[in-house]
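Colleague: I have a model open and want to learn how to read it. Can we go feature by feature?

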Amino acid sequence: MLYRLLRLNLANEDDRNALYLVVEVFFAAILGAAATFNAAFALRLGASNTDIGLLTSLPSLLAIAISIPAGRFLQSRARRKPWIVGSLLMHRAGFLLVALVPLLKLAGLNQGSVLVALLITISTPAHFFNVGWIPLLADVIPVERRAAVFSGRNITANATTSLAVFLFGLWLKNIQFPVNYQVMYVFGFCASLLSQYFIQKVNVPEHTPVPLPPGGFSIPVQLRAMRDALRAEPLFQRLTTNTLMHGIGLWLASPIYILYYVRQLDASDAWIGLQATVLTSATIVGWLIWRRVIQRVGETAVLRLMIVTLGLIPILVGLLPNLTLILFVVALNGLLGPAGNLGHFNTLLKVIPPAERPMYTGLYTTIVNVGAFVCPLIGVAVADGRGFAPALVGVGIFASVGSAVKEGDTILII
């Protein structure tokens, strides 16, 4: 199936790069599946609701601080791959420290809070990596092959995650805590080293470095760069605004789900793994379906029809206080999600100037993460005051309204 999907000719460098990128995501997804249980691990170590909100929001604050400087730094490098691959390895190695947290006996410190602080800290090199990764993909995958390669990566990642989270959930349920989590994280890190190996084999072209301006990392320079970039690329500005309008409600809901499942509905680790399996399995089906639909009717028609429906997910979860019924909602989310995701990434690459991809990627990441930082904290505060289920219904309604606004503008972009 992979050869048919990518139409590989391994004598061709572009095809070899495509194969390496699809294979590496298989191993990356194993560590990603382990990370699915981060919030549950923190809760079982004693983390508070506020800690979980911070776990969702503070990495976004770090992304705000890091992304634009990272983009400008990478744009000043002729050889970007060592920095990108190195930052990814630093992030992944942090999970070895995560596995050690239960062994720490620091007087007066909650182990759950310590874990949350560590997870936030190790997200720092991940933000640097993300800024470089999108331009790297654009550099090594020709435009005409992107849909096939991105679909191949997403199908591989979701299939692997679907199986891994299910098996991890069973492992966590049947092995004594906290050894179960510790072994899982170490195993995930070891698998990720194979991902590093295949990324290293990808041949990335060198670039003409763009020297940093005087005071290149100062706040005034960053603000001027942001203003000038938005003025220079109105389509990029519109896409970024659309993403914010669509994402606010969903970001509000993001930390409430795990609190609702564990605190109110008493979900086990096995159920958390099962719902992740359901989500990723349905997402695979969604990618296969929507890829064909978009080819026939176009991205615009699909976005018009489907984008508003994503706000229904938190509403349905809040209205169905039953873990079995929620699995059907999770499956619906997996089926609908690719309808929007398929068009968004390609559109982002289209509206970013090729010569300035790292800088614009950093700018986009910074702006979007402003919403991703603020909203989870607000979501947790609303849930603490109104209850988990009412909060999910409320933010779901908000997401639907924001998605409706996004739809009207996105049609002008796609």
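Colleague: Start with confidence. In which helix is it lowest, and in which is it highest?

Modeller: This is a predicted model, so begin with pLDDT, the predictor's confidence in each residue. The lowest confidence is in helix H1, residues 2-6, with a mean of 50. The highest is in helix H8, residues 179-201, at 96. For the chain, the mean pLDDT is 83. Of its residues, 86% reach 70 or more.

Colleague: Over which residues does pLDDT stay under 50?

Modeller: First the general idea. Where pLDDT is low, predicted coordinates should not be read in detail. Here, the stretch is residues 406-414. The model has 25 contacts beyond four places in sequence for that stretch.

Colleague: Now helix packing. At what angle do H5 and H8 pack?

Modeller: Compare the N-to-C directions of the two axes. Helix H5, residues 81-100, packs with H8 at about 170 degrees. The axes are 8 Å apart. Angles over 145 degrees count as roughly antiparallel, so H5 is roughly antiparallel to H8.

Colleague: Which residues make the contact?

Modeller: From H5, they include Leu88, Leu89, Arg92 and Leu96. From H8, they include Tyr185, Phe189, Ser195 and Ile199. By class, the contact of H5 with H8 has 13 nonpolar, five polar and two charged residues.

Colleague: What is Glu24 in contact with, leaving aside neighbours within four places in sequence?

Modeller: Arg92, Trp133, Arg153, Ser195, Phe198 and Ile199. Arg92 of H5 and Ser195 and Ile199 of H8 also take part in the contact between those helices.

Colleague: Last, cysteines. How many disulfides are there?

Modeller: Look for a pair of cysteine sulfur atoms within 2.5 Å. The count here is zero. As for accessibility, Cys190 is partly exposed at 43%, while Cys375 is buried at 6%.

Methods: Residues numbered from 1 in each chain as written. Predicted model: local features only at pLDDT ≥ 70, side-chain atom pairs only at ≥ 80, totals over all residues. Heavy atoms only, no water. pLDDT = per-residue confidence, 0-100. Helix = DSSP H or I, 4+ residues; strand = E, 2+ residues; numbered from the N terminus. Contact = heavy atoms within 4.5 Å. Axes fitted to C-alpha atoms, helices over the stretch in contact; angles between N-to-C directions. Parallel < 35°, antiparallel > 145°, perpendicular 65-115°, else oblique. Nonpolar A, V, L, I, M, F, W, Y, C, P; charged D, E, K, R; others polar. Buried < 20%, exposed > 50% of the residue type's maximum accessible area, 1.4 Å probe, protein only.
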